[in-house]
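Thanks for coming. I have one structure to go through today, and I will keep to two places in it.

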Amino acid sequence: MNAIFLGLFLAAAICLAWVNPTLFLPTLLDAAGSAATVCVALLSSYAVWLGLMQVWEESGINRAIARLLRPICKRLFKTDDKETLTAVSVNLSCNLLGLGGAATPYGVKAAALLDKTRHAEYASCMFFALNATSLQLLPTSVVGLRASLGSGAPADIILPTFLCTAFSTLLACFLTWLFLRPKTNRSKVNCPRRELHTAKLHC
């Protein structure tokens with residue numbers, strides 16, 4: 001990813017320097033200033049929400065959300081481990097609020113725990129699908145980014161984002177379940193007595 005961004009930057013810089021060399025340095029400085037402004041705006045947004053998440057965690061709201069999501073996660077990931085379900089639930093609750101940075105530590109922990117479950121391959125793929133599609137109830141980062149760039153109505157993105165991510169999440173869950181769901185194997189096969197008796201005679 002770093003190589004791709006470096007290639008894009010070099011290509012844009014060479015093109016700008018070739019077309020209009022006098023604009024190269026002012027454009028570079030303006031872009032750096034805009035990037036710093038966006039970073040400060042996002043930093044303030046993340047500081048507010050991460051502080052709120054800390055309050056929620058210390059007051060037990062995170063655990064309450066995890067308990068609400070636990071039955072759904074239990075069905076989705078085919079596991080009964082409480083620690084795993086709690087990490088997954090907190091990760092999903094952070095993603096619902098658009099806090100990708102806050103969701104990452106819980107996501108790493110949940111991924112490591114899911115690798116130890118009975119249906120590790122299915123659970124890990126389902127977890128990856130949910131994080132890739134990431135249902136957004138409140139896209140905090142996008143709203144903060146739009147506000148920092150001077151949008152007149154930064155919150156207008158909430159409903160379209162929710163509808164799009166709801167569709168993508170449901171589709172990803174369905175496809176993961178369809179192609180990777182654990183198969184239940186029967187340990188015993190019931191055969192008629194006559195067939196068993198015939199088999200013994202042939203033996």
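Glutamine 136 sits in the loop that joins α6 (120-133) to α7 (140-148); helices here are DSSP runs of H or I, at least four residues, numbered from the N terminus. This is a predicted model, where local features need pLDDT of at least 70 and side-chain atom pairs count only at pLDDT 80 or more, while totals for chains, interfaces and linings use all residues. Residues are numbered from 1 along each chain as its sequence is written, and side-chain values use heavy atoms, with hydrogens and water left out.

Is glutamine 136 buried or exposed? Its relative accessible area is 14%, so glutamine 136 is buried; buried means under 20%, exposed over 50%, and partly exposed in between, with a 1.4 Å probe and protein chains only. The side chain of glutamine 136 reaches the backbone oxygen of asparagine 95 at 2.9 Å. Beyond its neighbours within four places in sequence, glutamine 136 has contacts (heavy atoms within 4.5 Å) that include Leu96, Thr161 and Thr165.

Thr161 and Thr165 bring us to helix α8, residues 158-180, where both are among the buried residues, along with Thr169, Ala172, Cys173 and Thr176. An α-helix has 3.6 residues a turn, so residues three or four places apart point the same way. Part of what covers the buried residues of α8 is α6.

Now phenylalanine 174, also in helix α8. Phenylalanine 174 has a relative accessible area of 45%, and is therefore partly exposed.

That is all I have; questions are welcome.

Technical notes:
Helix = DSSP H or I, 4+ residues; strand = E, 2+ residues; numbered from the N terminus. Polar contact = N/O pair within 3.5 Å; in protein donor to acceptor, adjacent residues only side chain to side chain. Expected span 1.5 Å × (residues − 1).
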